[in-house]
Amino acid sequence: MKSTPNARNSTSLNPRNTASTTISPEQYSQSPSRRRQSSIAVQKEIDSLQPLTPEGARPVWAPGNTELMSQNLETLLRAARYTPESRGAIVPATPNTAQTPTGSLSKKTKKRPREDDSDHEYKENKTPTSNKRRATLSTTAAARRPIVKPIKPLPLNHVVQVEPKIDLAKLAPQPLRISYKPHPLEDRSDAWYTEMFRRLFRQTDKFATRYFGVHDLDAGEFFEPWAAGMTGEFITWAEQVAESDPNLGTGSWDDLLRDTMQRKWLVMGILMKIVRVKIFDVDLFGAGKEQAELLHGLSRAFVGREGFGRQALRAETVRTIIGRNSVTENFYSSVTTLTAQISLLLKPLTDYLYGMQPRFGIPLPKIEDQYQALHNLVSTAAYLSLCIKLSPTIFTFNDVSPGTFYDETDHYSLENRLYLDSQEAVLTDHRLQLEIFHDRRAHLNAALDTLIKAGKRDTRAGIKADAALAAHETKVPTPVDRDYRAMCKIGVWPVVTRYKPGQDEDDEKGECSRFLREKDGFRVLQLARGAVVCYYGWSRRDVHGRLELNPAGERTGLRCWVRGKTEKKGLGDRGKVVAGLGAAVVGVMMVGGLGMLSDSFPAVQGMDYIEAGRFFACEVLSVCHT
């Protein structure tokens, strides 16, 4: 069979037919005229870019910058389509081919059968039992390979997804209510409470992941979320559930909001702390004023009584207050109020994140959906608190405070990566200290040996060198496991424990088998272990039990840290400008324009999309600092 210029896909795999005039993808992509035309078109598009700020001025965020960035991004996307890299390895269309809507080539005439299907020699060599020499593929076999389709350019709303600041008072969301079934007469089992707390944990985890874990802020130091106008109440709640790790990086509080996973667990810890204080610790959530005073009076009147008797009386009172209803009279209004308060508490962080581009391929959730999900979370926790108040047993919620020693019996670690990174930083510093110590000791030994050989051991210089060596021996670095141990960095979930009077046989016979005063002993069941994010913390104490000075440095309080951030004017606006420019660069790379950018920046050659994106973000940051 003879190959013709119009028969691109009809070449034979027979090594005897090696003559072909088909243009290979490599020859097409490296055509000089094609590259000159692309360069001219790209240069025209780049020259049409509009600056966000006047030349020589510092970048300041303005409401009109979003429209300018969208126009510039469309220009960059058009410029990226002119480059050969954005089209992929495609053979040019011939008179016998047609361009399909998807960008691939299709035949107008009837497709010819492949000649390699009738090549008996090639087929015979494919069998495992054949001893014949395998046929060599022809030089035109590259044209027979499947065509690699280029990545379709994404719509603009998928490249830049930002949300303007929304006033909740003007939005006035009306979330849907959740209806609950009436409570049973008997007390619920341990398995039921365990499953309910497990569901509440999953619901809180899903909320924090979906609405606060879709943005990456760890690309550079220009992201300043603490300078986004955090309220004093938010800072107070954050200080109660987290502390900084002086071992990693700068040892600052920035990692808690810049790192995606730490930000997610921090928000989840704050939510659970609020739920415990505002829902589980109150006498009865959603109760009226007189009802709340009645329950508080019972607690004061029987404060010296045995705990199970007092709790049984309170449970009967709560059942009388609720009656045949499933919730209290002010349940839904209290849920709505608490939801609005938590939403306002998280609003500065939400506005900061929603003004930036989420991770590639992840849609930006709506504010309305976030409010509804938060309302459902508060409602579920409030209903669970009513079930606990109806039980004659005692429930305790013990928070895992920052700096608490990790105990695998009561706690479990959520992020082992953060703990291992902190431990590796401590070990690296310890190895460096040992190396410095040994070098210094070798130097002192050499100086002392020189004086001994010179017969000056008993002279003033010899005595001084001997004393210096003895003093240095007392400064040997102690083992790491003696001064450090796993400690809580973020307390995400409390330890939930249930205390029940009597023995297991009382549950089998029923709750009314014996009176409460006739039951012997009590049982302790751990319904939920505490969830924490650990780090390798300093734990050395002196003879008086006081914590010694951390060699990594003392921590700075979060409130002082935020005050120092807010004094730097324009940091929040700069972060938004840089994030928008970074989104434009990522948009160009997604449509295959990385090759165009690598011509101007040889340093990005060989980098993947993530590394190249961080490189360009740092370049933009350096421009902002000048």
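Trainee: On what basis are the values given?

Mentor: This is a predicted model, in which local features need pLDDT of at least 70, side-chain atom pairs count only at pLDDT 80 or more, and totals for chains, interfaces and linings use all residues. Residues are numbered from 1 along each chain as its sequence is written, and side-chain values use heavy atoms, with hydrogens and water left out.

Trainee: How many helices and strands are there, and what makes a segment count as one?

Mentor: The protein has 23 helices and 8 strands. Both are DSSP runs numbered from the N terminus, helices being H or I over at least four residues and strands being E over at least two.

Trainee: Why is Asp254 called buried?

Mentor: Buried means under 20% relative accessible area, exposed means over 50%, and partly exposed lies in between (1.4 Å probe, protein chains only). Asp254 has 4% relative accessibility, so Asp254 counts as buried. Across the protein, buried residues make up 41% of the 626 residues.

Trainee: What makes Asp254 and Arg258 a salt bridge?

Mentor: A salt bridge is a side-chain nitrogen of Lys or Arg within 4 Å of a carboxyl oxygen of Asp or Glu. For Asp254 and Arg258 the N to O distance is 3.5 Å, and the pair therefore qualifies. As a general point, side chains of opposite charge can pair when their charged atoms come close. The two residues are 4 residues apart in helix 10 (residues 254–258), about one helical turn. Arg258, at 13% relative accessibility, is buried as well.

Trainee: Which residues does Asp254 contact beyond its neighbours in sequence?

Mentor: Contact means heavy atoms within 4.5 Å. With neighbours within four places in sequence left aside, Asp254 is in contact with Glu224, Trp226, Trp561 and Lys565.

Trainee: How do you know that Arg276 forms salt bridges with Asp281 and Asp399?

Mentor: The closest N and O atoms of Asp281 and Arg276 are 2.6 Å apart, and those of Asp399 and Arg276 are at 2.7 Å.

Trainee: What joins Asp187, Asp190, Arg498 and Lys500 into one network?

Mentor: Salt bridges that share partners join these residues. The structure holds 19 salt bridges.

Trainee: Which residues line the second largest cavity?

Mentor: That cavity holds about 110 Å³ of space. Of its 13 lining residues (those with an atom within 4 Å of a point), the closest to its centre are Val241, Lys273, Asp399, Val400 and Gly491. Helix 9 (232–241), helix 11 (260–280) and strand 5 (484–493) are the elements that each give two or more residues to the lining.

Trainee: Why is Leu527 called buried, and which residues does Leu527 contact?

Mentor: Leu527, in strand 7 (residues 522–528), has 6% relative accessibility and so counts as buried. Val496 is 31 residues from Leu527 in sequence and 5.4 Å away in space, C-alpha to C-alpha.

Trainee: What places Ile322 among the buried residues?

Mentor: Ile322, in helix 13 (residues 307–322), has a relative accessible area of 4% and is therefore buried. Not counting residues up to four places away in sequence, Ile322 touches Val327, Thr328 and Leu390.

Terms used: 1 Å grid on protein atoms, 1.4 Å probe; cavity = no way out; pocket = protein on both sides within 12 Å on 5 of 7 lines; lining within 4 Å. Points joined across faces, edges and corners; volume = space filled by probe spheres on them.
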